Amino acid sequence: MEIPCRLVWGVMLVGDLAKVAARRWRNRTAIAFAGERISFDELDARIDLAARGLIGIGVERGDRVGLWMMNRPDYIVLALAIARIGAVLVPLNTRYRVDD
């Protein structure tokens with residue numbers, strides 16, 4: 001199942017950024033982290049997979065999805081997957097403690 005790229009009146013949605021970049025820069029490096037390099041094609045594929053997973057557990061357009069995670073490639077994948085399906089990312093600060 002491919003999640004289509006949506007362009008509305010010439011405005012690109014955040015969830016479409018990786019798909020458009022993958023069409024343009026295919027095998028170029030999108031993310032380099034801890035010795036791992038992820039191409040734009042691979043990033044787009046990971047975002048689609050994550051988006052399908054979120055849809056599979058019942059996340060729908062307009063839902064708010066909390067994401068509590070350190071800075072790493074998976075954060076980017078999930079943040080863009082959430083945007084791709086039209087849900088709203090609620091980033092949670094991993095540095096918050098009980099007393100905050």
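Tutor: Rings of Phe, Tyr and Trp (its six-membered ring) form an aromatic pair if their centres lie within 6.5 Å; planes under 30 degrees apart count as stacked, over 60 as edge-to-face and the rest as tilted. This is a predicted model, in which local features need pLDDT of at least 70 and side-chain atom pairs count only at pLDDT 80 or more, while totals for chains, interfaces and linings use all residues. Residues are numbered from 1 along each chain as its sequence is written, and side-chain values use heavy atoms, with hydrogens and water left out.

Student: How many aromatic pairs does a search of the whole structure find?

Tutor: The pair is formed by Trp25 and Phe40, tilted with 45° between the planes and 5.3 Å centre to centre. A search of the whole structure gives a count of 1.

Student: How many residues apart in sequence are the parts that the pair ties together?

Tutor: Helices (H or I, at least four residues) and strands (E, at least two) are DSSP runs, numbered from the N terminus. Trp25 belongs to helix H1 (residues 17–25) and Phe40 to helix H2 (residues 40–56), so the parts tied together are apart in sequence by 15 residues.

Student: Is Phe40 buried or exposed?

Tutor: Buried means under 20% relative accessible area, exposed over 50%, and partly exposed in between (1.4 Å probe, protein chains only). Trp25, at 31%, is partly exposed. Phe40 has a relative accessible area of 17%, so Phe40 is buried.

Student: Which residue stands opposite Ala32 in E4?

Tutor: Two strands pair if DSSP finds at least two bridges between them. Strands E3 (residues 29–33) and E4 (residues 36–39) run antiparallel and are joined by 4 bridges. In E4, the residue opposite Ala32 is Arg37.
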